[in-house]
Each structure stands twice: as C-alpha cells, then as structure tokens.
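Colleague: Hi! Could you walk me through this one? I'm still new to reading structures.

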Amino acid sequence: MRAMRLDRAGPIATSRLSLVDAPVPEPGPGEVSIDVEACGVCRTDLHIAEGEVQAPLPRILGHQAAGRVAGVGDGVAGLAPGDAVGVGWMAAVDGRCAYCLSGRENLCAAARFTGRDRDGGYAEALTARAEWVFPLPPGFAVRDAAPLLCAGVIGYRSLRLAGVAPPEPDSPGRSVRRLGLFGFGASAHLAIQVALHWGWEVYAFTRGESGRRLALEMGARWAGEAHEDPGVLLDSAVTFAPAGELVPAALARVAPGGTVAINAIHMSPIPSMEYERIYGERVLRSVQNFTHRDAIELLALAAAMPIRSHVAEYALEDANAALQDVARGNVRGAAVLRVSR
C-alpha cells in the first residue's frame, strides 16, 4: 500500500516524509482494519515531524483518518466491513487507572496515540483498537468528516473546559455570552460553529487576514489581531495557536470569573505576566487529548447541526506540502489528504 512515512524528524522545510510501499496491516484481536479514504493534517503531525513531540520512528503519521471498515479481529462487535468510520488521536488506554475508571481516560498515563505510537492515516490502510473507532455522521463525505476526528473533538472539549455550553432551557432571557478564539485554523473554524449554535457571540483574534475573513464569514461578531481591542470583555476564551504569548493576551481580554483554555499539545514558552492578568478569579487551564464521550457527543452534534468543514484538499503524495502550508498558516480551514485514488 502507499504510505507517507517519517523516518527522521527535523524542520519540515528540509526533513520530508517519504512515499513508501508498506505492508497492508492486518487486524489483531480487538482491532479493526480500515481502508483510508481521507486523513486530516493536524498541527500535531507537524510537531511530530519536526521533533517537538517525540515519536518512535519510522512512523506513518496521521490521526484524523476516515474511511471504511475492511476487516475485524477476534472479539470485535458492533462494527462490520463497509461501515463508514473514523479514527482520532486516542489509540489506547489501560482501562484500569483512576482516570480511566472516572471517565477521564484522556489523562491516562499509559495512553497511546494514533500516528505517534502506532501507524496512522497517511496511508491507504491502518488498524485501530475497536473501542477508539467511531461511526461517522450520516450524510458526511469522508473528506469533511476527517477534521472532526481531532480538530473538531479537541475544539469541542476546549469549549466545554472554557465554560462554553448551550443555553439552559429555562433561562431564555440570559445575558449575551462572549467567546474569544485566539488563532483561527482547523480547530477554531469548527469550534465557532458550535459556539454560535449555542447562542454565543464570537470574537476571533488571529494574525492572518485570510483567517479573519473566514471568521467573519462564519459569523464572528469581530475579528482582529491579538493586540487589538474588540471593545468588550469576554466570558471565555480558547487559544488555538501554539504561541505562548497568546495566553496573557487572552487573559487580558477575559472578564473577572472567566476562563481561558489552552488548546495545544506543544507551544512556545508562556511569558511572565503581571498578577493582575489572572486576578479576579480568572481561570487558566490546559486541554489534554479527548475522552470517548467527547467524540461521541461531538459527532452527534455535528450531524444534528450540521457542522461543515472548510477543507483544503491535497493528494496523499503531497503530505509534505500540506504540512508546510500548516506551518506557514496558509490553510483556510482544515488541510485534508485525499488518500483513495
């Protein structure tokens, strides 16, 4: 099968994935094999390729893989060949630790990840643990569903941890709630749809003119750069870009009692800041991975709304170009590899 494999980490401009002919993987007990049709390109893939997130190499990257079940291993129930499914970043947990037993398996110390600890979706096929394979929403093309499997679900978890929620059914007259999105790429362009659906006003802070235009087109009340003042205080904020300087910038825009959630697996150092930035019972919290429940909820919501992905499509062989465009901020929405011919 065709696959784009990372053999050596380094700057994406010089360290490139190689097109290889890899063996077609077979599912073991408790596993499912998937014929991949599309795979989203995530900034975490870039972090792995450049060595900022460590991975055993060689490795086939990609953790937003969508396609159809090709085969099932012993002990698998509820999935059958031909089912439209997807796989995200979470690949396995121990199922026994205090985190797993309390529905917080995203914090499991033994967690393993698709495209880092096992081969991912930059290939024509992959295998995955059946419990981390998710049926795709009906009516979604695979290229549109692929970004939901990481950008979408991590964005959804970030919103919830930032205190963003649907309106209470018995409080139709509540005051306007305001959300800031710092960075407007693959995850933010999906998160804004959820926030607007729940009745929040959204303010987008991003350095790229293309991202600001997209945010306004999608319904943002205001769009500007991180140093600009939208003229209102925010109730919640999520930082998406892996830039530590955005954390104090976001805290400066949040009202007392508000929350800033950091949606990043790796980022530059957070600069020192005055205590006043977090005083007033402001909350700063990180976001780590996602739970099984997060994925189920997000995919159900995506079907009900529905959520629509803005996709920049690349051929599998152009994975290096896609990663370079992600690094430069040149992707409007989400980058997706077209894997099936």
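Colleague: Which residues in α5 are buried?

Modeller: In α5, they are S187, A188, H189, L190, A191, I192, Q193, V194 and A195. Buried means under 20% relative accessible area, with exposed over 50% and partly exposed in between (1.4 Å probe, protein chains only). Keep in mind that this is a predicted model: local features need pLDDT of at least 70, side-chain atom pairs count only at pLDDT 80 or more, and totals for chains, interfaces and linings use all residues. Residues are numbered from 1 along each chain as its sequence is written, and side-chain values use heavy atoms, leaving out hydrogens and water.

Colleague: What does that say about α5 as a whole?

Modeller: Helix α5 covers residues 186–197, and nine of its twelve residues are buried, so the rest of the structure largely encloses it.

Colleague: And what do those buried residues pack against?

Modeller: Their partners are the helices α4 (151–161), α6 (209–217) and α8 (292–304), plus the strands β11 (178–182), β12 (201–205) and β18 (334–338). Contact here means heavy atoms within 4.5 Å.

Colleague: Which residue just after α5 has a positive phi?

Modeller: That's G199, at about 90°.

Colleague: Zooming out, how many helices and strands are there?

Modeller: The protein chain has nine helices and 18 strands. These are DSSP runs numbered from the N terminus: helices are H or I with at least four residues, strands are E with at least two.

Colleague: How much of the chain is buried?

Modeller: Buried residues make up 53% of the 341.

Colleague: Last one: what does the C-alpha trace span?

Modeller: About 55 × 50 × 40 Å along its principal axes.
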